Amino acid sequence: MGIFSRRQSATIEPTQAVGPRTAAPAADGTGVPLDPALRALTGQWTIDRPHSRIGFSVRHAMVTTVRGAFTDYDSALYFDGDQPSRSRAEIAIRVASVDTGVEQRDAHLIGTDFFDAQRFPEMVFRSTSTLHEGGESFRMTGDLTIRDHTRPVELQLAYLGSVLDPFGYERAGFDATTTIDRTDWGLVYNQRLEAGGAMVSERVRLQFDISAIRAVPPA
């Protein structure tokens, strides 16, 4: 996401000067002022997979962290720059595309101990609400489905900026993170360590490093 520079903004304090009043920035219904530049982002977007990463990290054997990502997924994003509460996202991830850099570990993850990819080939996130917390910070709540278990999750979302790239694509950058307990989705496999603790932590951090491209309307 290095091609996106975080937008710089300044807060202007009220003054006692006499003169024409300037209209206040629009708000999204929560009373939080909106950056007028966000309005230009209103519309349909899709994730550019070669420049994005949907990943996870989990503690292994209590002393190290295993990181991985999913490389095959579909997405449909809608951003409303006037009323961010109307923004929504849906991402369908093929779990067999998991990549941790170790072939044997990936085979274990897509097997019956974890994702059971043959029976449950996809995990899906569908947003249910979006809250603008101020500036470039948003909170998106949605339903995450894994192995036919659906439970709510909350993503902390940051808008990184937008740019017109050299190929003429309009791009917008977002980072989102959340931490889940995998056992809530039926991912209960584990091994206990002789010294105490578990081989694989139940807590998993999900990371969405998104470069989105504005969708082109069908001709």
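1. The protein chain carries one helix and 11 strands, with helices (H or I, at least four residues) and strands (E, at least two) taken as DSSP runs numbered from the N terminus. Starting at the N terminus, the order reads β-β-β-β-β-β-α-β-β-β-β-β.

2. A word on provenance: this is a predicted model, where local features need pLDDT of at least 70 and side-chain atom pairs count only at pLDDT 80 or more, while totals for chains, interfaces and linings use all residues. Numbering starts from 1 along each chain as its sequence is written, and side-chain values use heavy atoms, with hydrogens and water left out.

3. Of the chain's 219 residues, 40% are buried (under 20% relative accessible area, 1.4 Å probe, protein chains only). Among contacts (heavy atoms within 4.5 Å) with a separation of 6 or more, 59% join residues 24 or more positions apart.

4. Leu-144 deserves a look in the viewer. Beyond its neighbours within four places in sequence, Leu-144 contacts residues including Val-124, Phe-125, Ile-180, Trp-185 and Leu-206.

5. Thr-71 sits in the loop between β3 (64–70) and β4 (73–79). Not counting residues up to four places away in sequence, Thr-71 touches Arg-49 and Ser-97.

Definitions and conventions:
Buried means under 20% relative accessible area, exposed over 50%, partly exposed in between (1.4 Å probe, protein chains only).
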